[in-house]
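Here are a few notes to go with the model. Have a look at it first, then read on.

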Amino acid sequence: MALAIAGERSGVGKTTITLALLAALARWGKIVQSFKVGPDYIDPLFHAAMTGRPCRNLDPVLTSEEYVRWCFTRHCQGADFAIAEGVMGLFDGVAYSPFVGEKQRGDYASTAHIARLLDIPVLLVIDCSRLSGSVAAIAQGYCTFDPRVKIAGVVLNRVGSDRHQALLERALEPLNLKILGIIRRHDSIVLPERHLGLIPNGELEGFEEIGDRLVELARTCFDWEQLFPLLQVRHKSERVEPFYCPISLDSSVISKLPQQNSVQVKIAVARDRAFNFYYQDNLDLLEAWGAKLVPWSPLNDSKLPKGIQGLYFGGGFPEIFAAQLSDNQNICATVRKAIEAQIPTYAECGGLMYLSQRIVDFNHRSWSMVGALPTDAIMSKRLSLGYRQAQTLQDSPLLSKAETVWGHEFHRSQLTSLSTKPLFTIIQGLTSNNIASNNRVGEGWKTHQVHASYIHLHWGERPQIPQRFLRHCLQFNSIAQVG
């Protein structure tokens, strides 16, 4: 079994509570596997810092229900405990199933949907800072709204005093609902935020001290006697393939690809404080099909790694580190020359911004970037957020023309100009409980052998994507290799 940590809404403290559980279990020498419901990148960074293991995203829009089941079962193997942090409120999802094309009850891809899909119970986190007796109505509503969702118990968060706690316990007593944790207000455990959510752990000073406080919070505030059985993984005897392979994958395609343990293709992956938004599953797939991933830093390195045949720029916060990125003009010029030499390059969101001519930050300061794309990225208050169904308008190193994919956008920058020959047309977009209009807007860039887009892609359901990218990397002229 495992446990999903859900909130009754956003901002109730479920990330802090999840991190406290993960930190304590890991500190006690347990192997704990974490998961994150939805497309988020930042919470998984914190998870991995606590457990020492990559966090896995569970998102049936970006992948599929079948992939979510496989991913969960596969990565629970070998773990003692498993925790899946939810997204938004328990039942907050999209009101439309992108794969069967029909209206749902509004919770597709929600924490409730994932809990039903995996048949795991839910620990409901309630923010009690402005509640007393009303907590019972909230808890009962969540317990009865969907009988298929098993509420294992509640955590009462932000409890103000002993008297406040007594009022809450008395109100919940008739429900016969287990209280598995009571958390007082802890001003010493604050995870700071900025324009896209939490500030990643790699940028926080004193993060180890925060971890110590989280362990102490978990030790003293949870009912571990009841929690341990709920969190413990019960291993099944069924065999799970090490890598997911949908039925649609043509075996004739596989035969043309680099195989495992074959000659490795060196891919330079930008990994530092400016670029750290990666789905671990994407990286795993590249390695499974013959890639040797070489991490490097656009912030600090003066050269690209030697002998590389491809570039991978994930998302992140280049706008926060724009001055330092701009100061490193040697690497900007080297990247631009590599792109002009036709090295296959994948850049998503923050990576796209880095490849542009300039980033204009929130203070309206302009910083020179790589200059491979004839556009500027300007930070603004406008948030672009949601799932996107997109169709390719031309071939790229990752996709063929007329392919349709689901991805996710989450950014506050806008480009000053769009490509005259965009990479994608946006067919439709999904946001929480809404279906966006079919605006068919052009998006993304295909220039040289660059695939650059604001749309984040999870490759789990589409192993053809990394396979195609590696084929292009294999064809990169060895004479022109850079570094």
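Is His364 buried or exposed? At 68% relative accessibility, His364 counts as exposed (over 50%; buried is under 20%, partly exposed in between, with a 1.4 Å probe and protein chains only).

Some housekeeping: this is a predicted model, where local features need pLDDT of at least 70 and side-chain atom pairs pLDDT 80 or more, while totals for chains, interfaces and linings use all residues. Numbering runs from 1 along each chain as its sequence is written, and side-chain values use heavy atoms, without hydrogens or water.

1. His364 also has a positive phi, about 65°, without being a glycine. You'll find His364 in the loop joining strands E18 (358-360) and E19 (366-368) (strands are DSSP E runs of at least two residues, helices H or I runs of at least four, numbered from the N terminus).

2. Gln342 is another non-glycine with a positive phi, about 80°. Gln342 sits between helix H12 (329-340) and strand E17 (345-348), in the loop, and is partly exposed at 34%. For background, most residues other than glycine have a negative phi.

3. The largest nonpolar core has 65 residues, with Ile267, Val335, Tyr354 and Leu355 making the most contacts inside it. Such a core is a set of buried Ala, Val, Leu, Ile, Met, Phe, Trp, Tyr and Cys residues joined through side-chain atoms within 4.5 Å. Beyond neighbours within four places in sequence, Tyr354 is in contact (heavy atoms within 4.5 Å) with residues including Phe275, Phe313 and Met369. A second, separate core holds 51 residues, among them Ile17 and Ala218.
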